[in-house]
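This report goes from the chain as a whole to its surface contacts. Please keep the sequence and the model in view while reading.

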Amino acid sequence: MDTPDIRVEKGHAEPEEVAAITAILLARAAARPTDPTPAHRGRVKAGWRRLEREPGFRAPHSWR
């Protein structure tokens, strides 16, 4: 494998800086909870409506 796992896009990173970033990323990955329950409990129903399922005309004074 000739391609590195981490690439610096702009500027020049010293090996110590790349090692520090790698250590931080590995620590964050290890600290993730193993519980598969989702952290965000969203709505059951989508907040938007499909236009093709809407009636063709709505009164201009309606807010729905």
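## Burial and fold

Of the 64 residues of the protein chain, 0% count as buried, where buried means under 20% relative accessible area, exposed over 50% and partly exposed in between (1.4 Å probe, protein chains only). The model is predicted, so that local features need pLDDT of at least 70 and side-chain atom pairs count only at pLDDT 80 or more, while totals for chains, interfaces and linings use all residues. Residues are numbered from 1 along each chain as its sequence is written, and side-chain values use heavy atoms, with hydrogens and water left out.

The secondary structure comes to one helix and zero strands (DSSP runs, H or I of at least four residues for helices, E of at least two for strands, numbered from the N terminus).

## Salt bridge

One salt bridge is found in a search of the whole structure (a side-chain nitrogen of Lys or Arg within 4 Å of a carboxyl oxygen of Asp or Glu). Arginine 7 and glutamate 9 form this contact through their side chains, at 2.4 Å from N to O, and both residues are exposed.
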